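Subject: Structure handover

Hello,

Here is the structure I said I would pass on. My notes on it follow below.

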Amino acid sequence: MPNNMLERVLSLRRSTQPHGDEAAGENGDGAADESKTKKQQLPLTMRAANYLTRMGHVGPCLAFLFLTFIAILSLQLFHSRSFVCVSSSYYDPVSRSGFYGFDGLESDFGSLGVPWCRSKHGKTVEWTSKDLLKGLEEFVPIYETRPIKNNMFGMGFDHSFGLWFIAQWLKPDLMIESGAFKGHSTWVLRQAMPDTPIVSLTPRHPEKYLKKGPAYVDGNCTYFAGKDFVDFGSVDWASVMKKHGINNLSRVLVFFDDHQNELKRIKQALKVGFQHLVFEDNYDTGTGDHYSLRQICDQFYIRGGGHSCFKDSDEARIRSKRKKFWEKAVDIEELCGPGEAWWGVRGYVRDNFNHSNEPISLARHFENSRFLESILDVYWELPPVAGPSLTHQSRYDPARAPSPIVEDGRYRLFQRLGLTRLETSVFNGYTQMVYIQISKQEI
Ligand SMILES: C[S@@+](CC[C@H](N)C(=O)[O-])C[C@H]1O[C@@H](n2cnc3c(N)ncnc32)[C@H](O)[C@@H]1O
């Protein structure tokens, strides 16, 4: 493996992906985003279809009859256009229209699309979906040993896997995390790299949580916490690097789960010279408590980006349909603020768990995306680990996420990976975690 992480990560292959929490607890705390691991009920039709998927070869005829019955019913109710029998041994992507409401909603995916951030030279990560699958197989048993079983307001399974995968792939010499809560993410970093030092910045020391229940405190971690807390932007990084014997900043991985404006964090990281960053909550436009990369890159010139607040538009129609199926989907009323401002969150840049928010013009929002593109070497969004018919999540809209690692209908694979052993609530917290690599603008 090459020494330089930069070489390790990059490949010139083009991405196929243009395609808080208590956590709000102590600082900004209390301004909780809803639970990331909250249990959700799927629409009845989706659950029924999923159940039949799991029957495998046992009852294709029964499945066909049942689905036909549901199809006729839904034709009456929803003027449905499509209906397909699904079996676990044969996966037809068209069948997902059955899961997503019997209304051909999948055909709407293209019109809403999945916005993404353009990198300078179109570079992407080195790992493939095969590597992710292999990683999943390895990570599930590790995750089952986690000390904090119920990490409400912290990371669920998808992002825990993403962070672990990225850290063990990059093999950094130092890992920094901003926003530790009870220490679950610290534990994930430790599983990826058993001997690598960690620096953790978090207002409340995770040991405080130990008094009330499970928490994780790491023995090889320097905590800037409690009375020693320093915000990432104010740390004397030169002295921290010296203390840890780091002279190559391309060997450091920084993980942010502190619900701060991500543009602010990127500028701070760039100033120090950090290159490898992970943002846990890469909120979609109109959602979340801080300005995110997703939001910044949501621009008219990106497929799936730019929005219309016109009430009779196709977008309004699609959004209102999707809102019925996905709890986190936003319709036009939620998306658009005064003056039809749709960017950021209703035309605002949120920061610090939404304790601060400022209006931003569309022109400024556009400038932010151009700045980001000028310093981005790699942008990679973690896909959801599995499709919603498998995980039973009903929160985030799959139309606004990359294709899952384990696609809907692949129940046997889902089972083989050990994912059926996990509680369904751990799949609820996906918010497009992103890994980026940055470097200063070339002049
Ligand atoms: C969503 S939680 C982190 C969850 C944790 N990473 C996990 O996976 O379990 C956000 C954390 O950020 C902390 N926080 C708030 N302001 C912060 C800041 N300026 N810098 C670092 N952490 C901050 C909060 O106190 C909280 O513990």
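A residue is called buried here if 20 or more other C-beta atoms lie within 10 Å of its own, and exposed if 12 or fewer do; in between, the residue is partly exposed. Gln 432 has 26 other C-beta atoms within 10 Å, so Gln 432 is buried. Please keep in mind that this is a predicted model.

Gln 432 sits in the loop between α18 (411-416) and β11 (434-438). Its phi is near 60°, which is a positive value in a residue other than glycine. Phe 181 has a positive phi as well, near 55°, and is likewise not a glycine. Phe 181 belongs to the loop between β3 and α8 (184-192). With 29 other C-beta atoms within 10 Å, Phe 181 counts as buried.

Overall content

The protein chain holds 18 helices and 11 strands. It has 443 residues, and 48% of them count as buried.

The sheet

Seven strands make up an open sheet, in the order β5-β4-β3-β6-β7-β11-β10, with mixed pairing. At the edges are β5 (221-225) and β10 (376-381), each of which pairs on one side only. From one strand to the next, the twist averages 15°.

Strand β6 (residues 252-256) is the part of the sheet I looked at in detail. How many of the residues of β6 are buried? The count is 5 of the 5, so the strand is largely enclosed by the rest of the structure. In a regular strand the side chains alternate between the two faces of the sheet. In β6, Val 252, Val 254 and Phe 256 point one way, while Leu 253 and Phe 255 point the other way. Residues on both sides of β6 are buried.

As for its neighbours, strand β3 (residues 174-178) runs parallel to β6, and 5 bridges join the two. In this pairing, Glu 177 stands opposite Phe 255 of β6. Strand β7 (residues 276-279) also pairs with β6 in the parallel sense, over 4 bridges. Phe 256 stands opposite Phe 279 in β7, and Leu 253 has His 276 of β7 as its bridge partner. Between β6 and β7 the chain passes through helix α11 (residues 262-272), and this β-α-β crossover is right-handed.

Among the buried residues are Phe 157, Phe 161, Leu 163, Trp 164, Phe 165, Ile 166 and Leu 170. Asp 158 and His 159 are buried too.

Two packed helices are described by the angle between their axes and the distance between the axes. For helix α6 (residues 129-144) and α7, the axes come within 10 Å and cross at roughly 115°. Angles of 65 to 115 degrees count as roughly perpendicular, and that makes α6 roughly perpendicular to α7. The crossing of α6 and α7 is right-handed.

Strands of a sheet pair through backbone hydrogen bonds, either parallel or antiparallel. Strand β8 (residues 348-351) and β9 run antiparallel, joined by 4 bridges. Asp 351 stands opposite Ser 356 in β9. The hairpin has 4 residues between the strands, and there Asn 352 takes a positive phi near 50°.

Is Ile 360 buried or partly exposed? With 17 other C-beta atoms within 10 Å, Ile 360 is partly exposed. Ile 360 and Gly 347 are 13 residues apart along the chain, and their C-alpha atoms are separated by 5.8 Å.

Those are my notes on the structure.

Regards

How values were computed. Residues numbered from 1 in each chain as written. Predicted model: local features only at pLDDT ≥ 70, side-chain atom pairs only at ≥ 80, totals over all residues. Pairing = 2+ DSSP bridges. Right-handed = clockwise from strand over helix to strand, strands pointing away. Axes fitted to C-alpha atoms, helices over the stretch in contact; angles between N-to-C directions. Parallel < 35°, antiparallel > 145°, perpendicular 65-115°, else oblique. Left-handed = near helix turned anticlockwise from the far one by under 90°.
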